[in-house]
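Hi,

Here is the structure I said I'd pass on. Have a look at it first, and my notes on the inside of it follow below.

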Amino acid sequence: MLKLILDILSVPSILVGLVAMIGLIAQKKSLSDIIKGTIKTVMGFLVLGGGAGIVVGSLNSFGAMFQKGFGIQGIVPNNEAVVALALKTYGTQTALIMTLGMLVNILIARFTKLKYIFLTGHHTLYMACMIAAILVAGGMKGVSLVILGSIILGFVMAIFPAIAQPTMRKIVGHDDVAFAHFGTVGYVLSAFVGKLVGKNSKSTEEMEVPQGLSFLRDTSVAISLTMGILYLIVAIAAGKSYVETELSGGQNFIVYSVIQSITFAGGVYVILAGVRLILAEIVPAFKGIAEKIVPDAKPALDCPVVFPYAPNAVLVGFLSSFVGGIVGMLILLKLNAPVILPGVVPHFFCGATAGVFGNATGGRKGAILGSFVHGLLITFLPVLLLPVLGDLGYANTTFSDADFGVVGILLGNILKLFVH
């Protein structure tokens with residue numbers, strides 16, 4: 001039963017589809033409208049997930065070429081990888097904390113001013129898993145572990161969307177949608193940096209392109225060309241023989257690099273289409289829940305929800321965050337600390353989001369510098385997180401996004417003070 005609940009709640013499309021269905025039923029919509037709204041919401045998430053899968057696939061080959069070409073060994077932060085390892089040991093605790101944590105989130109939204117329902121199911125799973133691992137490493141077990149873990153999870157699911165909401169209002173232009181992705185500290189930091197540096201800076205979306213280069217106004221073309229240059233650099237660094245024997249299945253390494261860069265841009269295009277489909281369905285459906293169950297509640301959604309509002313900032317944010325990750329890695333090498341390699345997937349999803357947040361408060365300067373600082377942050381936080389993860393701290397991967405680092409470091413060190 002626990003496994004079934006975990007399977008349902010950790011699949012974002014099913015979770016958000018259920019929420020849409022409950023909202024439509026609460027509004028006493030016709031059976032036809034309920035079926036249509038539920039299926040289109042699930043479809044939107046599947047489209048978004050398909051786009052994310054395309055992006056991750058092309059970035060994995062980029063990451064492999066980067067590591068081979070530049071020959072640096074270290075820990076690659078990746079939420080999916082570290083959670084897959086952790087669930088083998090902490091599966092039951094994770095399932096219980098996740099299920100009860102979602103109930104705590106609803107209760108907080110019902111009875112406090114934090115009116116946010118956190119709908120990013122996979123991030124809820126990842127946070128539940130990390131909390132379970134840290135509580136076990138801190139010496140807790142049994143019912144007290146599950147109760148404390150659930151309260152912590154429910155609280156962070158309510159507080160982080162509230163922290164992001166002032167900038168979300170600027171990005172989307174209204175207050176109907178909230179933000180649910182555990183990189184919020186990094187995004188809000190990017191927005192703060194944007195506010196400091198971005199006075200009179202134009203938005204990333206106001207590209208002044210000469211007539212002869214007007215094709216660059218098309219976001220998909222601009223992303224393809226920019227990523228094409230990066231892919232060619234890392235492919236040449238990795239070497240023709242490595243790319244053609246290990247990655248491309250014999251396809252010429254230059255051709256492979258070009259195809260991967262356009263594949264990446266195609267993935268971003270699909271993500272944007274999925275987000276538009278979700279927003280068209282989930283916001284009206286959620287009003288039923290807000291009216292009947294949790295008055296004035298807002299649906300808090302995954303990070304790609306902000307991508308359509310500033311597509312150029314998505315690319316700028318990714319590149320700046322990745323550069324910040326490389327600079328952070330070089331600093332760690334100098335300090336003889338554990339080396340955190342720039343994980344291309346977190347730098348894309350989190351860096352792109354940081355770019356949109358930085359752009360909202362400080363235009364181009366905000367997007368560039370805010371994302372760069374974000375890249376440094378998600379490089380240094382994992383180093384401080386490793387000691388509190390217990391056995392998980394010795395894996396060759398760790399949690400990547402900023403909030404995992406902040407919550408984990410605080411929780412682990414508080415446990416050391418009170419439990420030992």
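**Cavities and cores**

Let's start with helix α10, which gives three residues to the lining of the largest cavity, the most of any contributor. Bear in mind that this is a predicted model.

That cavity holds about 60 Å³ of space. Around it you'll find Phe45, Leu48, Val275, Ile278, Leu279, Leu301, Asp302 and Val305. Both α3 (31-70) and α10 supply at least two residues of this lining. By class, seven of the lining residues are nonpolar, none is polar and one is charged.

The search of the whole structure turned up two cavities of 30 Å³ or more.

Now for the cores. The largest nonpolar core has 69 residues, and Leu59, Phe179, Phe264, Val305, Val306, Phe348 and Phe357 have the most contacts inside it. Helix α10 (residues 253-292) turns up again, giving the most to this core with 15 residues.

What does Leu59 touch, leaving out residues up to four places away in sequence? Its contacts are Tyr231, Phe264, Phe318, Val344, Val345 and Phe348. There is also a second, separate core of 46 residues, with Met98, Leu135, Met140 and Phe399 among them.

Cheers

Key. Residues numbered from 1 in each chain as written. Predicted model: local features only at pLDDT ≥ 70, side-chain atom pairs only at ≥ 80, totals over all residues. Heavy atoms only, no water. Core = buried A, V, L, I, M, F, W, Y, C linked by side-chain atoms within 4.5 Å. Buried < 20%, exposed > 50% of the residue type's maximum accessible area, 1.4 Å probe, protein only. Helix = DSSP H or I, 4+ residues; strand = E, 2+ residues; numbered from the N terminus. Contact = heavy atoms within 4.5 Å. 1 Å grid on protein atoms, 1.4 Å probe; cavity = no way out; pocket = protein on both sides within 12 Å on 5 of 7 lines; lining within 4 Å. Points joined across faces, edges and corners; volume = space filled by probe spheres on them. Nonpolar A, V, L, I, M, F, W, Y, C, P; charged D, E, K, R; others polar.
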